[in-house]
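User: I've got a new model to go through with you. Can we start with the sheets?

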Amino acid sequence: MTITTTPLNPHFGVAVEGVALSDVSTGEGYPEIRALFEEHSALLFRRQEITDAQHMALATLFGPIEDRKADERKPGQAFEIPKVSNVKDDGSTTAEMDHHTLHLKANFLWHCDSTFMPQPALTNLLIARVVTETGGATELASTRAGWAAMPEALKKRIRGRGVWHAYRHSRAKISPELAAQAMFNKWPDQHWNAIWTNPVNGREALYLASHSFKVDGYDEAESQALIDEMIGFCTRPEYVYSHQWQVGDVLIWDQRAVLHRGTPWPYDKPRTLSSICVSARPVDGLDALARIGETA
Ligand code: OGA
Ligand code: MN
């Protein structure tokens, strides 16, 4: 394998060429890909031919596959790769105001995946299966670059503090009825350090999301204003990469250092991405994230 890279944005992200993701294994390709992941935070592999089984195998190289529906599955029922999709089982698309579409719309708020779970996500490996001609881009923003560029006076307001996260909080911004559903209330509120320090290279990144609702030491209104200001800073256009999908494109990003969001598309047009999240572990810096007040 001769791997070459091209920047996606001056601050982060690379397109990776010379790799067939279907052939990557622990010894072949993964060490190089993991090093690029730690360094650049977001990797794009264009036009891959990759089956569901190969997608699973690739994800497993990064760590344990996240399974949000473990409690819903009946004995013997197999894990299914989660789909970000507006296509129903009968092939029709979901209506604009139904709960499924509203849930997709909540993805249009800047977020990291699974900050509301006891084991948040390290990465999402997203593959385009069905794409639209217009709209439906996925956007990424570097909270490593954003944090590094942030004025010290703003940094000071959150450094060393813990932040609370809940799934229902991001859904309530779209629809209170949606937020009340059981699937958005499964996990206890999570409390994480506002900064995630990468244990490989020591780089800090702001760790906030649409799911964040309370910063230690501030009331909820002050917290939301601070969270919005900080996310706003990190998602200024110069820190954003917007990806217009083609079938087979694979995006793999570091949830510890990148915010992402979907963007609207005509809802009568089918759009399906396969999404496997991998859970973060102590080796990824999770233990330190759970210890509040230690980021100097
Ligand atoms: C996700 C996500 C956005 C999109 O898969 O976690 O937020 O563009 N997707 O569909
Ligand atoms: Mn997401």
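Analyst: Two strands pair if DSSP finds at least two bridges between them. Strands (E, at least two residues) and helices (H or I, at least four) are DSSP runs, numbered from the N terminus. This is a predicted model, where local features need pLDDT of at least 70, side-chain atom pairs need pLDDT 80 or more, and totals for chains, interfaces and linings use all residues. Residues are numbered from 1 along each chain as its sequence is written, chains are lettered from A and ligands numbered from 1 in the order written, and side-chain values use heavy atoms, without hydrogens or water.

User: Okay. What is the strand order in the sheet of 3 strands?

Analyst: The order is 12-6-14. The sheet is open and its pairing is antiparallel. Strand 12 (240–243) and strand 14 (258–262) are the edge strands, each pairing on one side only. Neighbouring strands here are turned by 20 degrees against each other on average, direction ignored. That angle is taken between lines fitted to C-alpha atoms; in general, angles run from 0 to 180 degrees between N-to-C directions.

User: How many bridges hold strand 6 to strand 14?

Analyst: There are 5, in the antiparallel sense, with strand 6 covering residues 138–142. One position to look at is L140, which stands opposite H260 of strand 14.

User: H260, okay. Which residues coordinate the manganese ion?

Analyst: H111 through NE2, D113 through OD and H260 through NE2 coordinate ligand 2, at 2.1 to 2.2 Å. Donors are N, O and S atoms within 2.8 Å of the metal (3.2 Å for Na, K and Ca), and since water is not among the atoms, sites may look incomplete.

User: How are those donor residues spaced in sequence?

Analyst: The pattern is H-x1-D-x146-H. H111 and H260 link distant parts of the chain, 149 residues apart. H111 sits in the loop between helix 3 (99–106) and strand 5 (121–130), while H260 is in strand 14. That loop also holds S114. S114 has a positive phi of about 65 degrees, although it is not a glycine.

User: Where else is phi positive in a residue other than glycine?

Analyst: R47 is one case, with phi near 50 degrees. R47 lies in the loop between strand 3 and helix 2 (52–62).

User: How do strand 1 and strand 2 run, parallel or antiparallel?

Analyst: They run antiparallel, joined by 4 bridges. T5 has V16 of strand 2 as its bridge partner. The two strands form a hairpin with 6 residues between them, and G13 in the turn has a positive phi of about 85 degrees. Strand 2 (residues 14–17) runs parallel to strand 3 (residues 42–45), with 2 bridges joining them. There, A15 has L44 as its bridge partner.

User: Switching to pockets. Which residues lie nearest the centre of the largest one?

Analyst: K69, P82, K83, V84 and H103, out of 48 lining residues. The largest pocket has about 1300 Å³ of space. On a 1 Å grid over the protein atoms alone, a pocket is an open set of points with protein on both sides within 12 Å along at least five of seven lines; a cavity is a set where a 1.4 Å probe fits but cannot get out; lining residues have an atom within 4 Å of a point. Points are joined across faces, edges and corners, and a volume is the space filled by probe spheres set on them.

User: Which strand gives the largest share of that pocket's lining?

Analyst: Strand 15, with 4 residues. Strand 15 covers 272–279, and others supplying at least two residues include strand 4 (83–85), helix 6 (167–172) and strand 14. By class, the pocket lining has 18 nonpolar, 15 polar and 15 charged residues. Ala, Val, Leu, Ile, Met, Phe, Trp, Tyr, Cys and Pro count as nonpolar, Asp, Glu, Lys and Arg as charged, and the others, Gly among them, as polar.

User: And how many cavities of 30 Å³ or more?

Analyst: The structure holds 2. F116, H165, W187 and D189 are among its lining residues. That lining has 6 nonpolar, 2 polar and 3 charged residues.
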